[in-house]
Amino acid sequence: MEDKNKEMLKNEGDHFSKASRIKYFDIVIKEGHGAILTDEDNHQYIDLLSSASSTNTGHAHPHVVKAIQDQATKLIQYTPAYFATEPEAKLAPRLAKLAPMEGPVEVAWGNSGSDANDAIIKFARAYTGRQYIVSFTGAYHGSTYGSISVSGVSLNMTRKIGPLLPGVVKVPYPSSWYRHKGESEDEFSDRMFEAFKLPFETYLPADETALIMVEPIQGDGGFCKAPERYLNHVYKFAKDHGILFAVDEINQGMGRTGKMWSIQRFPKIQPDLVAVGKSVASGLPLSVVLGRKKIMESLNAPGNVYTTAGNPVTTAAANATLDVIENEHLVERSKRLGKVAENKFKQFEQKFDFIGDVRLYGLNGGIDIVDPKTGKPDSKNATRLIYRIFQLGALMITVRGNILRFQPPLVIKEEELDQAFNIIEQAMQELKDGKIKSPANLDQIGW
Ligand SMILES: Cc1ncc(COP(=O)(O)O)c(C=O)c1O
C-alpha cells in the first residue's frame with residue numbers, strides 16, 4: 001500500500017505538538033542504513049542531513065548497534081547520579097583526553113545538547129561568581145530555558161515564553177552576509193569586534209561577566225564560520241577580563257568539520273568549556289560538558305545531575321561511536337569528501353546565478369539561494385529546490401529560510417555522494433529553466 005506515510009501522519013496528526021517539529025516533507029522514516037533512509041512507503045532517500053548532524057557514523061552502524069544490543073542485555077539503566085557503570089567509567093577519560101584544551105579536564109553528562117549548555121551556564125556562574133552571559137545572534141544552543149535564552153536564531157524561540165533567563169546579552173555574530181562590499185576580512189573582523197565591545201563600554205561590566213558562549217561555526221544560524229581574527233579578538237578579550245570562553249560543538253563537533261572539534265580550526269584558542277551532544281552517541285540521548293577541572297569542581301552534587309544522563313546504553317553507544325570515528329578515519333574522511341563537495345557546489349555556483357554563496361567546512365555546509373537580481377535571500381526558491389530534491393530521492397532542508405543545509409553522514413559512500421550531486425544539479429537546472437513546481441504548502445515549509 002502506497003499510503004502508509006499519510007496514514008501514520010494522520011494518526012499522529014491531532015496528537016502532536018506543532019511546536020515540536022519544523023515542517024518539511026510528509027514522510028515517516030522507517031529504516032536507515034549508512035546514508036540511506038527508507039520511509040514507510042518504501043521510498044529511499046540519500047540522507048544529506050544526518051538527522052541534524054546527530055548520526056555522523058551513519059544510520060544503524062553495525063559496531064554501534066552491537067554495542068547497544070550487548071549493553072542492553074546486561075544493564076539498561078543505573079543512574080550515574082548514584083553509581084558508576086563500566087561503559088560510563090570508560091567513556092569519561094576517553095572524552096577528556098580528546099578535549100581541545102590542555103590540562104586536567106572533567107566531564108559531566110546530560111541528556112541533550114540543550115542541557116549541556118545549561119550546565120555550562122551553571123558552571124561558569126559558579127566558578128566566576130559573576131552573573132552575565134554573552135552569546136550571539138544567530139546562535140542555536142537549544143530549547144531548555146537556559147539554552148533557549150542564549151539562542152538567537154528564531155523569534156519563535158522567544159515569542160510567548162518570556163521572561164527568559166536574566167543576565168544574557170547578545171552580540172552580533174560575524175556572519176559573512178554582514179560583510180560590506182569591498183571590505184576585507186580583517187576590516188570586517190575589526191568592525192564586528194567593535195560591535196562586540198559596545199555593550200562592555202556602555203552597560204555591561206566585564207568584571208561581572210561570567211561567560212562568552214559561541215559556536216565557532218554556526219550551524220542553524222547558516223553554516224557560517226566566524227573569521228579567525230574576530231574570534232581571536234573575542235578570546236583575548238575574555239582572557240583579559242577573567243571571562244570564561246565556552247564553545248558549543250553539539251552540531252559541528254565529532255569530526256563534522258574535518259577536525260574532531262570545530263574550535264580546532266582556530267589554533268590560538270583553547271576553550272574553558274565545551275558542549276558536546278548529537279553524534280557523540282550516534283544519536284542516542286547523551287550530551288557532555290568537557291571543562292577544565294577547576295571550573296567543573298566549582299559545583300557540588302546535586303548541582304548538575306539527571307537520572308538517565310550518562311546511562312549505560314548511551315555511553316556504550318558513545319564508546320562504539322568513538323571506535324568508528326577512529327577506525328574508519330571519519331575526521332579525515334570528512335575533510336577529504338568535504339573538498340569534493342566544495343568543488344562540486346562551487347561548480348554549481350558558476351552555473352546557477354541563484355547561488356549566492358557556498359560555505360563548506362568538511363562534509364558540512366550551507367548554500368545560499370538568492371534572487372540573482374537583488375542578491376537578497378530567496379526562501380521560496382530554496383524551498384522549491386529542497387522539495388524537488390526530496391522528490392528525486394535525497395533529503396536536504398533549509399535553515400534561515402534560504403540556506404540549503406548539507407550534512408551527510410560521514411560514512412556516505414562516494415557513489416552515493418555522486419548520486420546526490422546529480423539530484424541536486426537536476427533540481428537546480430529545473431529551477432533555472434523555470435520548470436520546477438511549487439509544493440502546495442510552500443509557505444508552511446521550513447523555519
Ligand atoms: C549548536 C547546537 N547546540 C545545541 C543544540 C541543542 O541540542 P539538543 O536538540 O540535543 O538539545 C543544537 C541542536 O540543534 C545545536 O545545533
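Domain bounds here come from an automatic or database domain assignment. On that basis, select residues 4-57 together with 329-444 as domain 1, and 64-327 as domain 2. The model is predicted: local features need pLDDT of at least 70, side-chain atom pairs count only at pLDDT 80 or more, and totals for chains, interfaces and linings use all residues. Residues are numbered from 1 along each chain as its sequence is written, and side-chain values use heavy atoms, with hydrogens and water left out.

Colour the two domains separately; their C-alpha centres lie 26 Å apart. Next, display the interface, where 29 residues of domain 1 contact 34 residues of domain 2 (contact means heavy atoms within 4.5 Å). About 2300 Å² is buried between the domains, 50% of it on carbon and sulfur atoms; buried area is the accessible area (1.4 Å probe) that two parts lose on being put together, summed over both.

Within domain 1, select V331, Y361 and R400, which lose the most area to domain 2 and together make up 29% of what that side buries.

Then select D220 and R405. These residues form a salt bridge, with the closest N and O atoms 3.2 Å apart (a side-chain nitrogen of Lys or Arg within 4 Å of a carboxyl oxygen of Asp or Glu).

Finally, show the elements of domain 1 that touch domain 2. Those supplying at least two residues each are α2 (50-53), α11 (330-351), β13 (355-360), β14 (365-369) and β17 (403-406); helices (H or I, at least four residues) and strands (E, at least two) are DSSP runs, numbered from the N terminus. The largest share, 4 residues, comes from α11.
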